[in-house]
Amino acid sequence: MTPALRPIADTGVLVEFDDVIDDSIHERVLNLDAAIQNAVTQKAASHSTASEDIVGQTESAAGITELIPAYSSLFVGYDPLLTDYATVSRLITTLLNVSGDSKSKARHWQIPVCYESDYAPDMPALCATLNLSAKQIIAHHTAGRYKVYMYGFAPGYAYLGGVPQPIHVPRKPGPVMDIPSGSVMIAGPQSLITTVVMPSGWWVIGRTAQTPLRANSDHPFLFNVGDTLEFTALSEDEFHSHESKGGNEPT
Amino acid sequence: MSAQFLIDHIGPLVSIQDAGRPGYMRYGVTGAGPMDRMSHALANIAVGNQPQIAAIEVSLGGLSLQCTEGKTTVAIAGGCFDIKLDGNTLSPWSRLEMQAGNKLSIRPGAWGSWCYVAFADGLASPSWLGSQSMIQGTNLCGQALQQHDVIQQQSSSTAAQTSKNNTGNNTGNTPLLDPTPFKPDNVIRVVLGPQNRYFTDESIHALHNEPFQLTADYNRMGIRLSGPALSINTELNMPSAPITRGSIQVPGHGDPICLMADHQTTGGYPKIATIISADQDKLAQLRTGDHINFELCDAEKAVQVARQRRDQLRSMIATMNDNQISLDERLWTQNLISGVFSAEQ
């Protein structure tokens with residue numbers, strides 16, 4: 001299916017690949033995202049490497065300000081004083097046929113989670129709702145292989161697809177205030193690690209010391225969209241020693 | 001010595017805003033920045049700053065400051081607010097000198113919802129990802145300003161800035177421009193989409209043929225409108241998709257919500273249309289109860305309008321210069337003009 005290009009007023013193009021959540025569609029989003037990033041990077045470096053312009057598109061990558069990958073669409077933001085809809089659309093159409101090499105850039109993460117006591121305030125209610133033991137819920141959550149599909153809601157909130165079917169559960173009827181940072185939550189097929197204190201209607205089943213937002217770092221966002229991850233269970237004692245260590249490297 | 005100010009009174013939604021934090025929406029970080037970007041740039045330029053520098057964005061809740069230390073130049077632009085310096089009324093768009101003991105009071109006036117107080121050299125405040133714009137509901141970039149907080153002017157960093165502050169021929173308190181011609185009308189231009197296909201033909205027709213009204217459900221994230229209910233023509237099963245400033249999203253209740261400076265970056269409700277960037281400032285300056293009419297436009301025209309708006313800002317700056325400032329400062333300001341436009345985004 002050829003993606004649809006839709007104008008977003010004078011500041012962007014939304015590339016819509018489909019209307020469904022599907023891993024192969026998401027891979028196409030990531031590929032175009034990576035290809036445009038490559039063109040923008042080349043544009044920035046074009047003083048020295050103009051002759052190595054492999055896609056022939058460095059000029060038309062001028063004025064691109066923002067790329068937001070989501071489940072089945074990519075937003076390409078531009079500055080209307082520097083470029084326009086037709087120019088950006090031509091760039092996108094060309095790059096749809098270029099490999100962005102997004103697969104090789106994806107990393108895999110192991111996130112240790114304490115699923116115990118106060119760190120899992122919704123576990124008792126969830127056990128009742130799903131008719132599973134806490135042990136079973138933890139086993140399912142740690143068995144899942146997750147992918148970062150997109151960010152949204154608040155800085156560093158990465159939507160992780162891949163929650164195993166037996167623990168799919170609809171959101172709570174209303175949001176609960178002041179969910180602490182580092183909370184590991186689930187709703188439907190998605191899981192999420194909170195990075196700031198915010199209200200949420202998702203089910204809090206654990207806490208990690210390794211929140212994916214390092215506010216004081218030069219690279220504050222641990223995950224890129226397209227990265228994969230898994231959760232491992234920590235006891236409360238292990239969690240406390242982990243908390244003091246910090247740090248996280250991709251595996 | 002940099003000047004210092006004490007907040008005597010502060011209304012809700014007043015915050016420090018620079019031109020915003022572009023480039024991080026893919027990580028869930030909104031662009032932020034001023035609700036009315038042109039007025040923010042104009043206030044900065046009037047004190048000799050680069051247009052993207054941090055200033056105070058004042059809401060209808062108002063702001064009162066007293067200078068407790070030092071002296072500096074301050075400029076105000078935006079809506080038509082009621083501005084008083086030590087009890088004396090000034091023009092709504094003014095440049096003024098403040099020194100220890102002076103009290104500045106900003107209250108809602110004849111029209112407008114936001115105005116900007118820019119300080120020569122900007123403000124010293126926390127910065128995150130290259131921007132001093134506060135991030136609502138988090139402490140990632142400082143906390144919300146409160147009564148009795150102290151606001152510190154940024155100390156000047158370059159020789160050029162120092163010289164412009166010490167030209168010695170300050171004109172005292174002077175009006176910048178008459179704001180009357182810039183009072184917003186009620187026509188807001190939109191480009192249909194990206195998810196207009198989900199809406200009934202009647203809803204699309206109503207969008208650009210019937211008036212909508214701004215409700216009190218209004219903040220820096222968005223403005224909820226009331227008017228004809230907009231309805232979806234199919235069962236909605238849309239995966240969450242990117243949102244941008246100006247998106248008009250329609251949740252299940254059928255009332256459109258215009259997403260503004262602090263919008264979330266993705267969401268699952270369909271967007272019927274997007275407000276063109278040039279008219280976003282205008283919408284921001286309207287008030288609860290005001291009516292608007294949406295007018296359809298295409299992307300090409302919207303880009304033209306954005307470029308016309310740059311030209312409008314250029315001519316406003318030129319008029320402002322002719323009105324009042326010294327030759328040295330005029331040259332300085334002209335050097336800044338090219339910087340305005342890349343920062344506008």
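Residues are numbered from 1 along each chain as its sequence is written, and chains are lettered from A in the order in which they are written. Because the model is predicted, local features need pLDDT of at least 70 and side-chain atom pairs count only at pLDDT 80 or more, while totals for chains, interfaces and linings use all residues; side-chain values use heavy atoms, with hydrogens and water left out.

**View 1. The interface of chain B and chain A.** Contact (heavy atoms within 4.5 Å) involves 45 residues from chain B and 48 residues from chain A. The buried area between the two chains is about 3,700 Å², and carbon and sulfur atoms give 61% of that area. Buried area is the accessible area (1.4 Å probe) that two parts lose on being put together, summed over both. Between the chains, 16 residue pairs are in polar contact, both residues at pLDDT 80 or more. A polar contact is a pair of N or O atoms within 3.5 Å; within protein, one must be able to donate a hydrogen and the other to accept it, and residues adjacent in sequence count only if both atoms are side-chain atoms. On the side of chain B that touches chain A, α5(B) gives the most, with six residues. Helices (H or I, at least four residues) and strands (E, at least two) are DSSP runs, numbered from the N terminus. The residues on this side of chain B comprise 24 nonpolar, 16 polar and five charged. Here Ala, Val, Leu, Ile, Met, Phe, Trp, Tyr, Cys and Pro count as nonpolar, Asp, Glu, Lys and Arg as charged, and the others, Gly among them, as polar.

View 2. A salt bridge is a side-chain nitrogen of Lys or Arg within 4 Å of a carboxyl oxygen of Asp or Glu. Three are found across the interface of chain B and chain A.

**View 3. Two salt bridges within chain B.** B:Glu57 and B:Arg220 meet at 2.7 Å, N to O. This pair links strand β3 to the loop between β13 and β14, 163 residues apart, and both B:Glu57 and B:Arg220 are buried. B:Asp311 and B:Arg314 meet at 3.6 Å and lie three residues apart in helix α5 of chain B, about one turn of the helix. B:Asp311 counts as partly exposed because its relative accessible area is 38%; B:Arg314, at 35%, is also partly exposed.

**View 4. The aromatic pair A:Tyr119 and A:Phe239.** Rings of Phe, Tyr and Trp (its six-membered ring) pair if their centres lie within 6.5 Å; planes under 30 degrees apart count as stacked, over 60 as edge-to-face and the rest as tilted. The whole structure holds 15 aromatic pairs over all chains. This one is tilted, with 4.7 Å centre to centre and 55° between the planes. A:Tyr119 lies in a loop and A:Phe239 in helix α7 of chain A, 120 residues apart. A:Tyr119 and A:Phe239 are buried.

Definitions and conventions
Buried means under 20% relative accessible area, exposed over 50%, partly exposed in between (1.4 Å probe, protein chains only).
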